[in-house]
Amino acid sequence: MNDYQRIIDYDFSDTVLDDKLVVKFKLKKTFTEDQFISLFSPKKGERFIIRTPDTKSSIIGIGYEATWLLDSNDFLTSFDNSSVLSGFEELKAQVTFLEIDEHDSEYFGIYGGVSDGKNKNSQEWVDFSDTSFVVPGILAVFKDEDVYITMFFNMKEEKEFAELWSERISFLNKLEDENEISSEPQINVVREIYPELWQENIRKALLQIEKEELKRIVLSRKNLILLENNTSLGAITKYLLSKNRYFIAFESKKSLFITTNPLISLNYTDNDLKAHLYLKKENLFNNDYLVMFDEEELLNEYKENFESHYHTDFKVYDDKTLMGKKLDVFSVLNSKVEDSQQAIKALSLLYPMPIIKGYPENVAKKFFDENYNVGYGFWYSPFGYITNDLNAKFYTCGNMMVAQNNMITLFTSILLSKDEKYDEVIEKSNKIVSSSLKLFDH
């Protein structure tokens, strides 16, 4: 049993309580992530979970106490834009930290991401701001045998802190209760969304590739999934954990987006900047190896761009990560960068990734503007976090779903490159959709 009472009865009388307070403590892991999330159903629309292969932990946020919800993605598209970072720095300067129990890492920070900047143009993404960063009221990091809790108090309310503490910490008394989690997602109907549009775009794109105007492009295909019952973040978390999947799920208003293969794209830790480029794939079973570009040309473009912005040399090396049955081989741009704010702005040099949207970039952009000018939301955009010490991890959100009540929009990629035929592309796309729908199998 956890000694919850010592946390509930903690004596704050010797603490100077400023308007903004962060309190940290540690619990034994006697409850699961989905049980924890289900305690906070009244906070629906203000919850997230991040579970990624590189950290081996689950990060859960409850209640968005401070937010940067912007109707632009300038933070991503302009290297000089630092509105989110400067706002976070201003907040940090006002915070008092109190550690009841020692934490193994710094978890207080802002969590969220930056979209392609057209969320209001798309029905699926309308609940999400183009730039969405939040400071959760309760942050729970499930790591090994412990749960590290970080609580942020923005004390604008005219309440005694003892009363506020008692209210916010009351969840501890409920952790041992049996919490009802809604049923696992089960499919009722699957429908194609505008199939004639993406099929016609395949024909147009293949023609441009044949003319050597395009080397590669990735189109989106959408399916509408109707579930038998409304789903919830708790149910999805329980289900994906039972499948041992890594994922990011983030709520906003009445919507929830989930990516089931987050790939690390920016890792900035202790002044060490690593930018990840996914340029190749290897199949472990047949030794099939695919280079997706004129790799050297693209790497040199990235290297020169990074070095021009940071005035330092970047080394490039290959690394690998296992994703299911396939091995992603990615190139890493690496250098020491002391200016943390500048380092995090490397996101604007990474995106849009040519491996994702298309190459050459200007030709791909023109194709989308003319044929499919809709919001992609956080699909293949960066999502992650920036901690109090300005370390940062951001992930590229690949396979993607957006859920609202019992409706899920499934996004899948249609990758087009040289020597591909229309019928083969359609067959390959159908297989990807079928594979994604297997996520709902029991």
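**View 1. Serine 220 inside strand β9.** Let us start with serine 220, which sits in strand β9 (residues 216–227); helices (H or I, at least four residues) and strands (E, at least two) are DSSP runs, numbered from the N terminus. This is a predicted model, in which local features need pLDDT of at least 70 and side-chain atom pairs count only at pLDDT 80 or more, while totals for chains, interfaces and linings use all residues. Residues are numbered from 1 along each chain as its sequence is written, and side-chain values use heavy atoms, with hydrogens and water left out. Serine 220 counts as buried because its relative accessibility is 5%; buried means under 20% relative accessible area, exposed over 50%, and partly exposed in between (1.4 Å probe, protein chains only). Leaving aside neighbours within four places in sequence, serine 220 is in contact (heavy atoms within 4.5 Å) with Trp198, Tyr372, Tyr376, Trp379, Thr412 and Ile414. Serine 220 and leucine 415 lie 195 residues apart in sequence, yet their C-alpha atoms are 8.8 Å apart in space.

View 2. Two strands count as paired if DSSP finds at least two bridges between them. With strand β21 (residues 407–417), β9 pairs in the antiparallel sense over eleven bridges, and valine 218 has leucine 415 as its bridge partner there. Strand β8 (residues 187–192) is also antiparallel to β9, over five bridges, with isoleucine 187 opposite leucine 227. Two bridges, again antiparallel, link β9 to strand β17 (residues 358–359), where glycine 358 stands opposite isoleucine 217.

View 3. Five bridges join β18 to strand β5 (residues 109–114) in antiparallel fashion, and phenylalanine 383 is the bridge partner of glycine 113. Another antiparallel pairing, also of five bridges, joins β18 to strand β19 (residues 392–396), where lysine 393 stands opposite tyrosine 385. The β18 and β19 hairpin has four residues between its strands, and leucine 390 takes a positive phi near 60° in it.

**View 4. Lysine 92 in helix α4.** Take a look at lysine 92, found in helix α4 (residues 83–92). With 17% relative accessibility, lysine 92 counts as buried. Not counting residues up to four places away in sequence, lysine 92 touches Asn388 and Leu390.

View 5. The buried residues of helix α12 (residues 361–371) are Ala364, Phe367, Phe368 and Asn371. Seen down the axis of α12, these fall within an arc of 95° (taken from the directions from the helix axis to the C-beta atoms), so they line one face of the helix. On the other side of α12, Asn362, Lys365, Lys366 and Glu370 are exposed. The largest share of the lining of the second largest pocket, five residues, also comes from α12. On a 1 Å grid over the protein atoms alone, a pocket is an open set of points where a 1.4 Å probe fits, with protein on both sides within 12 Å along at least five of seven lines; lining residues have an atom within 4 Å of a point. This pocket has 27 lining residues, and Asp116, Pro352, Lys357, Glu361 and Lys365 lie nearest its centre.

**View 6. Phenylalanine 36 and the nonpolar cores.** A nonpolar core is a set of buried Ala, Val, Leu, Ile, Met, Phe, Trp, Tyr and Cys residues joined through side-chain atoms within 4.5 Å. The largest one has 51 residues, and Phe36, Trp165 and Phe171 have the most contacts inside it. Helix α7 (residues 233–242) gives the largest share of this core, five residues. A second, separate core of 47 residues includes Ala205, Tyr278, Val402 and Ile414. Beyond neighbours within four places in sequence, phenylalanine 36 is in contact with Phe31, Ile60, Ile62, Ile138, Ala140, Phe142, Phe171 and Leu175.
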